[in-house]
Amino acid sequence: MLLAILLIAGVADWAPARWASSDPRTLELLAGTPINCLLLEPAHWSPAFSEEAGRRSIATLGVVRPGQETAALAEKAKTARLAGLVLEGDFPPALLSTLADSKVLVIELPSRTRMKFDAPITGTTQAVWPGINPQEDGAAKAAPSGAPWIDTNSGFLRFVRAMARGPVWIGYRPPPRTVVPLARYFQAIGDAALAGARWIVSLDQDLERRLLARDEAALADWRRIAAHLGYFDNKDWAAFGPYGHMALVQDVESGALFSGGILDMIGVKHTPVRPVPIRRLSDQEMKSVQMAVDVDPTLLSPDQKDTLRRFTRAGGTLLTGPPGWRFPRQREDQITLDKEDVEKIDQIWKEVNSLTGRRNLGARLFHVASMLSDLRATADGKRLLLHLVNYSDFPVEGVTVHFLGRFTKATVYEPGVAPRSTAPYEIEDGVGVEIDKVGVYATLVLE
Amino acid sequence: MITAASAASARAQSKPLPAAPVSIARCASYDEDQVAVLGKMFDQLGGLDRLVRNKTVTIKLNLTGSPALKFQGKPLGVTHYSHPKMIGAVAHLLGRAGARRIRFVESAWGTAGPLEEYMLDSGWNVRALQSAAPKVEFENTNALGTGKQYSTFKVAGGYIFPAYKLNRAYEDTDVFMSMAKMKDHATCGVTLAMKNIFGITPASIYGDDAGEQEPNESPTKGRVNTCHFGKRQPARLAPSERDPASSREPGHRMPRITAELTAARPIDICLIDGVETVSGGEGPWIRGLKYIRPGVIIAGTNPVSTDVVATAVMGYDPRAPRGVTPFKDCDNTFLLAEGLGVGAADLSRIEVRGVAIAEAMYRFAG
C-alpha cells in the first residue's frame with residue numbers, strides 16, 4: 001500500500017505510452033522524451049525490464065482486460081515488479097474492490113459511463129480518432145456551406161477535466177492494420193492536451209515494429225512525436241486555468257460524456273466556453289460568466305435553480321434546452337450521439353449560435369475552421385493563453401485573434417521554434433493579434 | 001421563347017454591339033510584382049487615371065463559398081477566391097490613380113457580418129489591405145449592410161427577373177469593377193468577370209432563408225432555391241420572375257441571371273485572376289476539381305469582350321453552343337449578354353493587347 005501511495009504522489013507527472021517490448025535495451029528509445037510511464041501487455045511483463053525502467057525513473061504498468069485471470073495477473077504483476085495495473089474495460093465491482101484492498105496500484109480505464117472522477121487517474125479507452133475525416137464520397141464536404149467537422153474528444157475531456165480530482169488519460173489505439181500519418185499522432189496528442197488531458201501514446205503496428213528495430217525513419221518520427229508530446233508540458237503554462245464568459249451547465253445525465261455533443265459544437269465555433277458540472281454549480285462558478293447554457297433544467301436542484309436565477313437577475317443570459325426534451329441515456333458502448341439526437345441538439349446549437357453572434361466572450365478567432373482552441377487565463381485575469389490545434393494535414397496561414405481586454409505583449413509559441421513576440425494592435429473591445437502560420441500547434445500568451 | 005442566338009441576332013441587326021480592348025499578361029506567381037504587372041495592363045487599356053480619378057470605385061471580389069472550405073488545404077486565394085496580394089495591388093494602383101474612395105464588396109456566404117471579418121476568416125491581412133490606399137472601405141452586400149434601403153436595378157429586355165434589389169453600394173459608386181477568378185463553372189460554364197457579378201445579389205432577398213415578405217437581414221444560406229432552381233420567389237420587396245412557368249433548370253436560369261445582372265449593373269473594369277486557380281468547377285464542393293497554374297491575368301473594360309478573351313485563353317470556344325464544353329450543361333452567357341446589348345462575343349472584334357491569346361492559352365479541359 002505504501003508503494004501505491006508513493007506512486008500516486010508522482011502520478012500527476014506521468015506521461016504514459018504503450019510499449020510492446022520487454023527488452024530493457026528498448027528503454028534507451030525513451031531517453032530525451034517526456035514519456036515516463038509505460039503500459040505493458042502481459043507478454044511483456046518482466047522484472048529485468050521493470051528494474052531497468054525504475055533506474056531510468058520510468059514507471060511500468062501492466063494492462064489487464066476483462067476475461068483475463070485478473071487475480072493471477074495481479075500476482076504476476078508483483079513478480080514482474082510492475083508499479084501497478086491498468087484495467088482496460090469494465091470489470092465486476094467485486095473484483096475492483098478486491099484489487100483496491102491489495103497493495104497494487106490500480107488505474108481504471110473503463111467505458112465513459114463508468115469513469116470514476118475521484119480516482120488517482122480518471123480515464124477511458126473509449127474515444128474517437130481525432131481529425132478531419134472525409135465524407136463517405138471522399139470529399140471534405142459536398143456544398144459551399146459550413147466548416148469541415150472535426151472528430152474530437154476535447155469537449156468530453158474538458159468536462160472530465162472539470163470533474164476529475166487527478167490527471168485525465170485517454171487511451172485509444174490506432175485503428176488496426178492502419179498506418180497512421182505522423183500528423184495524426186500530433187493531433188491525438190493535441191486533442192487531449194487542449195483539454196488538459198493526456199493521450200496514452202500508442203503507435204500503429206508498423207511504426208512500433210520499425211521503432212523497436214531502430215529504423216532510421218521511425219526514429220525520426222518518434223523524436224518528432226516526443227517533441228510534440230513535450231510541447232504542452234511548458235511549466236509556465238501551469239498557472240493558466242479555463243477561461244471564457246460562457247458556461248455550459250451540464251453533467252453526465254445531460255450528455256457531457258458524448259463526443260460531438262454541445263461542448264464540441266460550441267468548440268468548433270471557437271467560442272470560449274467553460275463546462276460547469278451541475279454538481280459544481282455555484283455563484284462562484286458563475287462569476288464572470290455572461291452567457292450560460294443549461295442543457296437540462298430538470299436535473300437542477302432548487303438551490304441550483306436559484307443560482308441560475310441570481311445569475312439572470314444580475315444580467316446574465318441563460319439559454320435552456322428545448323422544453324420537454326431530455327438527453328438520451330448513454331449506452332455503455334456509446335460515445336457519439338445517434339443521428340436523431342444530433343438533430344435535436346442542433347436546435348440548442350442554433351440558439352447558442354444566434355445568441356453569441358459576434359459577441360466576444362473572451363476571444364474571437366478567424367481563419368481557424370480546421371482548428372480547435374482552448375482559452376485559459378491566470379487567476380487574476382492579467383494573462384491569457386490560447387492553445388490552437390490544427391486538425392488538417394496542411395498548415396494554415398493568416399490566423400487572427402481578437403482578445404477581449406487590453407494587453408500590451410503577445411508571445412507566439414510553436415513546437416520546435418523559439419518563442420517570438422508579436423505586437424497586439426487595438427480593436428474596438430480589446431486587442432488583435434496575428435499569427436503568420438499555424439502548423440500543428442500554436443500558443444499565444446498575452447500579458 | 002427567345003433563344004440566346006436569336007436575341008443576339010435581333011440585337012445585332014439593330015445596333016452594333018460594343019467591344020473594347022482586352023489586356024493579357026503573363027504572371028507566374030503572386031510573388032511577382034503585382035503592382036508592376038497590373039499597372040502595365042491598365043496602361044495598355046488607356047490608364048487607370050482617366051477611369052477612376054476623384055471617383056468612388058466599388059470592387060466586387062470573388063469569394064465564393066464558405067471560407068472554411070478549402071481545396072487540398074491550400075490558401076483560398078490560390079484556388080477559388082480572389083488573391084489578397086492582387087487585391088492589395090489593385091487598391092494601391094487605384095489610390096495612386098487618384099480614386100477618391102475604394103470600396104471592396106462581396107455578398108459573403110451565409111452571413112451579413114462585416115466583410116472585414118469574412119476576410120479575416122479567409123486568412124487575409126485586412127489591416128494591410130486597409131493601408132494599401134487612402135479611404136479603403138468594405139461592405140458585405142449579402143444584406144442591407146451600412147445602407148438604409150436597397151437599390152433597384154432594372155433589366156431592359158431581360159430573361160428571368162425584370163429588376164433586382166441590391167445593396168446600395170452598387171448604386172453609390174462611380175466606377176464598378178469585377179475582380180474575378182478564372183475558373184470553370186458548373187452551371188454557367190465559366191466563372192469570369194460576368195459570372196462573378198451573380199454574387200452581388202443579397203441572400204437577404206434572394207437567399208434560401210430570405211423572408212417571403214420582408215428581407216431576412218441575418219441570412220445564413222445560399223441562393224440556390226431562388227436563383228438556380230427557381231423553387232421560390234425572392235422576398236416581396238424585389239420583383240418576382242417574369243415567367244414563373246419558364247424552365248427551372250439551373251443551366252437555363254443561371255446564365256440568364258448572370259447576363260441580365262451584367263446589363264442591369266454595368267461593369268466598368270474587369271480583372272480576371274488566372275495566376276493560380278482550379279479547373280473543373282468553381283469551388284471545392286465540385287467533384288473533379290484540379291489545382292492549376294495558368295499564370296495569366298486578363299483585364300478589360302467591357303465584360304463580354306474581357307470574358308470572351310478569357311474563355312479563349314482557357315482553351316474554349318467563346319461562342320460554343322449549349323452541349324459543347326464549357327457550356328455542356330448550360331446556355332452560353334456571352335450570347336445571352338449579346339442579346340441584352342452588353343457586348344460582342346466576337347473575338348474578331350476585340351483588340352488584344354499585351355500577350356497574344358495563343359501565347360497565354362492554358363487549356364482548362366486539358
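Begin by selecting Ser288(A), which sits in the loop of chain A between helix 10 (283-286) and strand 14 (291-294). The model you have open is a predicted one, and in it Ser288(A) shows a positive phi of about 75 degrees although this residue is not a glycine.

Next, colour chain A by its domains, which the assignment gives as domain 1 (2-235), domain 2 (241-356) and domain 3 (363-446). Keep domain 2 and domain 3 of chain A in view, whose C-alpha centres lie 26 Å apart, and look at their contact, to which domain 2 of chain A gives eight residues and domain 3 of chain A gives eleven residues. Between these two domains of chain A an area of about 800 Å² is buried, with carbon and sulfur atoms giving 62% of this area. Now select Gly241(A), Tyr243(A) and His270(A), which together supply 70% of the area that domain 2 of chain A buries against domain 3 of chain A, more than any other three residues. Across this interface there are zero salt bridges, while five residue pairs are in polar contact.

Then move to chain B and select Gln72(B), which is found in the loop between strand 2 (56-60) and helix 4 (84-96). Gln72(B) is not a glycine, yet its phi is positive, near 55 degrees.

Finish at Pro326(B), in the loop between helix 11 (303-313) and helix 12 (333-339) of chain B, where the peptide bond from Thr325(B) to Pro326(B) is cis, with omega near 10 degrees.

How values were computed. Residues are numbered from 1 along each chain as its sequence is written. Chains are lettered from A and ligands numbered from 1 in the order in which they are written. This is a predicted model: local features need pLDDT of at least 70, side-chain atom pairs count only at pLDDT 80 or more; totals for chains, interfaces and linings use all residues. Side-chain values use heavy atoms; hydrogens and water are left out. Helices (H or I, at least four residues) and strands (E, at least two) are DSSP runs, numbered from the N terminus. Domain bounds come from an automatic or database domain assignment. Contact means heavy atoms within 4.5 Å. Buried area is the accessible area (1.4 Å probe) that two parts lose on being put together, summed over both. A salt bridge is a side-chain nitrogen of Lys or Arg within 4 Å of a carboxyl oxygen of Asp or Glu. A polar contact is a pair of N or O atoms within 3.5 Å; within protein, one must be able to donate a hydrogen and the other to accept it, and residues adjacent in sequence count only if both atoms are side-chain atoms.
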